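Here is a walk through a structure, one piece at a time. Keep the picture open while you read.

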Number of protein chains: 2
Amino acid sequence: MSDGVAERSRPRDRILETAQDMFHKHGIKGVGVDAITEAAGTNKMTLYRHFESKDELVVECLRATAAKASRIWDEFEARHPGDKLAQLHAWVQKASELLSADSRGCDMANAAVELTETDHPARRVIKELKEAQREKLVALCRDAGIGQAELLADTLSLLLEGARVSMQSVGAEGPSAQFVRMAESLIASFRAR
Amino acid sequence: MSDGVAERSRPRDRILETAQDMFHKHGIKGVGVDAITEAAGTNKMTLYRHFESKDELVVECLRATAAKASRIWDEFEARHPGDKLAQLHAWVQKASELLSADSRGCDMANAAVELTETDHPARRVIKELKEAQREKLVALCRDAGIGQAELLADTLSLLLEGARVSMQSVGAEGPSAQFVRMAESLIASFRAR
DNA sequence: CTAGGGTGTTACCGGTCTGTAACTTTTAGA
DNA sequence: TCTAAAAGTTACAGACCGGTAACACCCTAG
């Protein structure tokens, strides 16, 4: 019988991938290390040989998720080289696809909700990575020739963040269903100024 | 020495109030029933005489929070009787005040993030209460004479939801700082249509 | 073939969690 | 004042948690 996870990669990679998936689906405090290692087809000792604690594993998972998100941005540039406005529309499109494909929202935002301890190692990583994403979106808006780039970027950010959390409360038929329409008309109105 | 909680109310009320506060600050899975009862100046047995389980206590807390929110809406009507547009602006103002006063966001949204079990009793209550709030905001927008009332209400909802979760990730200096400006210009643009 | 690092296995530690039993004390109402 | 309900106290069950120790195994590089 084959594992749910990639057939025969290194234990560390399997643990990381499995943990990402399980944290995403069930939350961080909702998953124990035993469950992760079992699903990854390995054991607890091996986990602790590669990660010094569960908290450290969480941090590593968040970095991996951010890296995945970063690759999506490269895709925008590859598909619409130089055309920043087209890339902005691609961002909206991609965001909407992610909303449809999955209803558990953003791992970093969810982690921020769950990990309330102010000195949790994940908190600074979350802030760091979220700020980097914000910078990217601001730059994209600015390079697309939009005047109030920061304001548009922040508004789009809040809309997406809101849509992702709203889905978890009221489902896909709630306010988040209108995300694309909201985002597009917002972009249009900023371009008209 | 006086307790941190209301001097001498009934144990059930003290438990409910304390639980609301602690769940809000530290999350649901981050607080045990022992900690709640101790902070409420009582004991675990008394808690389980009034609530059949922790899950049931969570549900009751969410209902209490929603009732509190409902009282704020009554305040809008009392302060601007009949003037629905003024009430809508009051809603924006109040939302912004809540954002400044507290950075732990919406209890119901946070609970939805934390409680991933699809059959958790809190989930249907969250959906129920969030849908009721949505109805209220839609009605307010419609009665304020706005054409696409549903779309405005949903957009404002997502903005606020996003602002509340964004604060938990990147703090008050992030995108959520522009909430009032976003909401007001949104209302203005919908009124102009 | 052999040495050694990566991995698997089992058992365990101390702590915390929700929830309950049995009993005593306090409180409030007639 | 007497009584009955509400609340406090202590102890415990059973499960799960993160994390570690000790040891056996396998697989590959030399």
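## The parts of chain A

The contact between them takes ten residues from domain 1 of chain A and 13 residues from domain 2 of chain A. Here, two residues are in contact if their C-beta atoms, placed from the backbone, lie within 7 Å. On the domain 1 side of chain A, the residues that touch domain 2 divide into five nonpolar, three polar and two charged. For these classes, Ala, Val, Leu, Ile, Met, Phe, Trp, Tyr, Cys and Pro count as nonpolar, Asp, Glu, Lys and Arg as charged, and the others, Gly among them, as polar.

Before we go on, a quick note on the model: it is predicted, so local features need pLDDT of at least 70 and side-chain atom pairs count only at pLDDT 80 or more, while totals for chains, interfaces and linings use all residues. Residues are numbered from 1 along each chain as its sequence is written, and chains are lettered from A and ligands numbered from 1 in the order in which they are written.

## What chain A is made of

How many helices and strands does chain A have? Chain A comes to nine helices and zero strands, where helices (H or I, at least four residues) and strands (E, at least two) are DSSP runs, numbered from the N terminus. The C-alpha atoms of chain A fill a box of roughly 60 × 35 × 35 Å along the principal axes.

Of the 193 residues in chain A, 38% count as buried. A residue is buried if 20 or more other C-beta atoms lie within 10 Å of its own, exposed if 12 or fewer, and partly exposed in between, with C-beta atoms placed from the backbone. Looking at contacts in chain A with a separation of 6 or more, 60% come from residues 24 or more positions apart.

## Two copies, one axis

Now bring in chain B.

Where the chains meet, 37 residues of chain B are in contact with 37 residues of chain A. On the chain B side, α1 (11-26), α6 (107-114), α7 (121-143), α8 (149-170) and α9 (179-192) each supply at least two residues. α8(B) gives the most, with 14 residues. By class, this side of chain B has 13 nonpolar, 15 polar and nine charged residues.

## A covered helix and the cores

Take a look at helix α6 of chain A (residues 107-114): eight of its eight residues are buried. What covers them includes α1 (11-26), α4 (54-79), α7 (121-143) and α8 (149-170) of chain A, together with α6 and α8 of chain B. Over in helix α6 of chain B you'll find B:Val113. Why does B:Val113 count as buried? Because B:Val113 has 27 C-beta neighbours inside 10 Å. Leaving out residues up to four places away in sequence, B:Val113 touches A:Asn110, A:Val113, A:Glu114, A:Val165 and A:Gln168.

The largest nonpolar core has 52 residues, and those with the most contacts inside it include A:Leu62, A:Ala111, B:Leu62 and B:Ala111. A nonpolar core is a set of buried Ala, Val, Leu, Ile, Met, Phe, Trp, Tyr and Cys residues joined through C-beta atoms within 7 Å. Apart from this core lies another, of 43 residues, among them A:Leu152 and B:Leu137.

## Around the DNA

Which residues come nearest to DNA strand C? Of the 15 around it, they are A:Asn43, A:Met45, B:Gly32, B:Ser53 and B:Lys54; a residue is near a molecule or strand if its C-beta atom, placed from the backbone, lies within 6 Å of it. The residues of this surface divide into five nonpolar, five polar and five charged.

DNA strand D is surrounded by 16 residues, and the closest are A:Gly32, A:Ser53, A:Lys54, B:Thr42 and B:Met45. Two or more residues of the surface near DNA strand D come from each of α2 (33-39) and α3 of chain A and α3 of chain B.
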